[in-house]
Amino acid sequence: MAYSEKVIDHYENPRNVGGFDKDEHGIATGMVGAPACGDVMKLQLKINDDGVIEDARFKTYGCGSAIASSSLITEWVKGKTLEQAAEIKNTKIAEELALPPVKIHCSILAEDAIKAAIADYKKKQAAS
Ligand code: FES
Ligand code: FES
């Protein structure tokens, strides 16, 4: 499997690896798994009181494409509102990273992680 240069760049220099304390104010956590391969991605967003994503962190147990996809989305979500972040499509991620068809599910994992984090944020807000 030949990885694109962008995948290799994100794989070798992943942006925003790590995590936040999930119980801290404004932190949302999205944890998703890919049925196709068993890989797991955790995305955390730091959301301010205006609903804007100020920061993001990820941890991914998976292939190079999954790591690159999660690294890329931590860059893309920063500065976006939740509504804007929810519009990030896996097709855009796959296009940016030039993912081959067998690796499309890795980008779907990233899209799902954003959605899961947003759902977690809304759930927490409703509960507070
Ligand atoms: Fe899971 Fe890619 S198949 S690492
Ligand atoms: Fe499974 Fe990439 S996330 S092969």
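# A predicted NifU N-terminal domain model

According to UniProt, in an unreviewed entry, residues 2-126 carry the feature "domain: NIF system FeS cluster assembly NifU N-terminal". The structure shown here is a predicted model, and what follows describes that model.

## Overall build

The protein contains five helices and three strands, and reading from the N terminus these elements follow one another in the order α-β-β-β-α-α-α-α. For a chain of 128 residues, a compact globule would have a radius of gyration near 14 Å, and because the protein has 14 Å, the two values agree. Some overall values are collected here.

| Property of the protein | Value |
|---|---|
| Box filled by the C-alpha atoms, along the principal axes | roughly 45 × 25 × 25 Å |
| Share of the 128 residues that count as buried | 35% |
| Share of contacts between residues at least 6 apart in sequence that join residues at least 24 apart | 63% |

## Where helix 1 meets helix 2

Two packed helices are described by the angle between their axes and by the distance between those axes. In this model, the axes of helix 1 (residues 5-12) and helix 2 (residues 64-77) come within 8 Å and cross at roughly 80°. Angles of 65 to 115 degrees count as roughly perpendicular, and helix 1 and helix 2 are therefore described as roughly perpendicular to each other. On the side of helix 1, the contact is made by K6, V7, H10 and Y11, whereas helix 2 contributes G64, S65, I67, A68, S71 and L72. Sorted by class, the residues of this contact are five nonpolar, four polar and one charged.

## A closer look at R15

R15 is found in the loop between helix 1 and strand 1 (27-33).

Technical notes: Residues numbered from 1 in each chain as written. Chains lettered and ligands numbered in written order. Predicted model: local features only at pLDDT ≥ 70, side-chain atom pairs only at ≥ 80, totals over all residues. Helix = DSSP H or I, 4+ residues; strand = E, 2+ residues; numbered from the N terminus. Rg over C-alpha atoms; globule rule 2.2 N^0.38 Å. Buried ≥ 20, exposed ≤ 12 C-beta atoms within 10 Å, placed from the backbone. Contact = placed C-beta atoms within 7 Å. Axes fitted to C-alpha atoms, helices over the stretch in contact; angles between N-to-C directions. Parallel < 35°, antiparallel > 145°, perpendicular 65-115°, else oblique. Nonpolar A, V, L, I, M, F, W, Y, C, P; charged D, E, K, R; others polar. UniProt positions renumbered as here; feature names shortened; annotations may be inferred.
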